[in-house]
Structures are given as C-alpha cells and as structure tokens.
Amino acid sequence: MTVARAAKRRKISPASSLSEGSPDQSSAHIDYPVRTTGWNLEQGYEQRPRKQTKGVESTRLPIKTAEGVVERVVVPQDNLEDEESFLGSGNENESYLEDSVVEEKPTELPIRQQIIEAKEELARMGTLLSEDPEEHIGGFRKLADFAASTNPTIKKLALATQLAVYKDVIPGYRIRPLGEVADTEKISKDVRRLRSFEQALVSSYQNYVKELARCAKSTSNNSPEDATDISSVAISCACTLLLGVPHFNFRSELIKILVDKLGSKNRDADFTRCLEALERLFRDDEDGNPSLDGVSQLTKMIKARDYRIDESVLNTFLHLRLLSELSSRGSRNHIDKPVEDGKKPKSKKEFRTKKERKVLKERKAVEKEFKEADAIVSHEERDRLQSETLKVVFVNYFRILKARIPSLTGAVLEGLAKYAHLINQDFF
C-alpha cells in the first residue's frame, strides 16, 4: 500500500524582498493595509472591459441536457457570420427590388390592345347583366368606369353597351324613391332585395343620363373630330332611350338633350335624328305626360332663343296625337242620352252562387291591381293633360304671331288651321 505524499507548501517571505528594495517601497508596504481601507474593491472590476462577440447576440434558447443541466447553446462565430451575410444579402435584394419597383413605370399596352381587351370585358359584363342583373349589380359601375375612359373609341363602345343593357334591364314601370317609412317597414327578404336592386338601377341610370348630357355638348379634351363623334353617339343613345323607355325615370333629362340640339343652328344628321325622335314620341304617346314634357321644354327653348329657330321645330306640334282625340264624336245612328247618376241601364242579371261571386270579386281586385301596375291613365287624367298641352301649343302660336316672325308664320298658320276647332273657353 502506497502512502500519498503530502503536498509541499511554499513559504513566501516578502520581508527579504522588501529589505532589498528602496526605503520608499518598504514604507509603501507598511502603509498598504492603511490605504486599502478606503478603496472600493468592486469599482475596478466594474470598470474592467468585457469580452464582446463583435456586437452579435445569440437568439437561441437554452437547452436542458440529459443530466438535467441547463446550458446555453453557443453558436460558432463562423456560422453567425454566414447567417449575417445571408440576411444582409437578402435585405440588399429587397431594397433593390423596392427601388426598382418605385423607379420602373408600368408599361402601357398599345391602343389597339386596349380596345380589344375593352371589347371583351364590355361584352362579358353586358352578358352577365342581361342574364341576371340582380346578381351582378356591380357591373353597372364597371360599365360607367369604361365610359369615363380618355380613349374615344372605348368611350363610344361603353356608351353603346350601357344603352343595350339599360334597355334590356329597365322594368315596365316607374320606380319611385323610397321614403323614411320604407326603411322601418317590415318586409320580406325578396322584397328588400328587389328594392335594393331598383334603387341601385335608378342611381346608375341617372349617372348614365348625366354622362350622355355631358357628352352631347361636344366638350372633350380630345380632337374636335373625336368630340363630334362622341356627341353623335350620345345623342343617338338619348333618342333610343327616349323612344324605348319613355315611361321610366329621368325622361325630362333625355328630352332636354334633344331640345338643346334642336336649338342649335346646325341642321346636321343629329338635328334630324332628334327631330324625328320627338315626332315619333308625340305620335306614339298614349299617356299624355311625355307629350306635355316635350311641348313645355320646346316652348322654353323657343322663348329663350327669341324665336330664332328652324321652322321644322315648330312643325313637331302637328304630330301631337292627343290633340285630335279631344273632341268626342257622337253616333250617327242613335241619339246619345245622358245617364243619370246612380242609374244604370237594366240588364239581365245572371244567377251566381256564393262561391262564384267570391271568385269574381277577387278577380276584379286582381284586375284593378294590374291596371294600376300598368299605369293606365284614366280618361279624366288624360283629358286634363290634353288640355294643358293644348294651352301650351296655342301660347306658342299666339306669341309668334304677336312677335311677327316671318320665317315661322307659315308653320303657325298651318297649326292654327289644324287645331283651331279645338279652342274652347274651358281651356282658357
């Protein structure tokens, strides 16, 4: 059995070293305990510089080893430099891409390609709106965006597409604005959806009519030829809409577009188109309201231009259909006797059961609703509109005769010869 040797202890004797030194060092050694009492031993450690890894801080979480010791993962310096270089290169690429995106301007397509793409998109939107307008109600706004294009060809295509869509989509009745009561009224989901579609349709149609009125004035940033072409397309669309849907909203705005064109001095193709549209409107009018609107606006335009108009404009009054229907002709075979109030001519009464009378009553109620929906004007209302129209026409004739306009005297005399027998004291 071996015996472990005891470790040797070295004895340090500073006395000899001090004695060999200078007397100043010996005095400093003697005063050392006295001077160190006022020192702050932690200050030197605190001011000692730390070891830093070039400002790189590891973001890895500590791990727990199998022995249960928590250790922090130390990443080699080479790997950190590689990651930094990789990340740095990525930032440079991103900044380069951002600069390139800012500096590069979007390349515009050729005009021919823009027109082809616009045609395809307009055809697609028009088909969707014609098939199911309630489902694709946002298509009206897209068509309006195309109509606001600076390209005259795309603008004309958009105006024509909107014309075809609105003629196909507009219902056969006039849409009334919803009041405050309608918002709080309890209605079904289908009715609410229909009302929402109707209000969106009216709003889009109003914007379209305003665009037609703006384009019809031949004001454009393009060349004068392009502005004239756009104006012709707008006037043609207004004439077609007025004849196709005279019962719908904003009829007065469409008539104003035509009347403004008739007030111009140039008797071109657009002038003739507007003239024929008004004549056809007067001939085909069974309601009375469109004729009254047209005559009233023509009267205002004639007076504003101080009767400096073409003679053909005044001749449109000769096509008013309702004026010839004012006088009721009696029968030549028998004498018409006035029917007293409350008494009806006797007729053979048919026998009906209680069930048949109930069905007949319901049928009459349904027919009444259909008549109201079809906007059938009563005879009294139509007579009132005819009287108002007749008054406005004769006011025009008498004003022109009083002003003694030679160029319009022939048209006035022709109109008086046709309608003089309708003058009655009830009208004036």
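User: Which residues lie nearest the centre of the second largest pocket?

Analyst: This is a predicted model: local features need pLDDT of at least 70, side-chain atom pairs need 80 or more, and totals for chains, interfaces and linings use all residues. Numbering runs from 1 along each chain as its sequence is written, and side-chain values use heavy atoms, without hydrogens and water. A pocket is an open set of points on a 1 Å grid over the protein atoms alone, where a 1.4 Å probe fits, with protein on both sides within 12 Å along at least five of seven lines; lining residues have an atom within 4 Å of a point. The lining here has 15 residues, and nearest the centre lie A213, A216, K217, I257 and D260.

User: Which element gives the most to the lining of the second largest pocket?

Analyst: Helices are DSSP runs of H or I, at least four residues, numbered from the N terminus. Two or more lining residues come from each of α10 (189-215), α11 (224-244) and α12 (251-262). With five residues, the most comes from α12.

User: How many residues of that lining are charged?

Analyst: Asp, Glu, Lys and Arg count as charged; Ala, Val, Leu, Ile, Met, Phe, Trp, Tyr, Cys and Pro as nonpolar; the others, Gly among them, as polar. The lining holds five nonpolar and three polar residues. The charged residues number seven.

User: Is Q297 buried or exposed?

Analyst: Q297 sits in helix α14 (residues 289-304). Contact means heavy atoms within 4.5 Å. Beyond four places in sequence, Q297 touches S252, I255, K256 and V259. Buried means under 20% relative accessible area, exposed over 50%, partly exposed in between (1.4 Å probe, protein chains only). Q297 has 17%, so it is buried.
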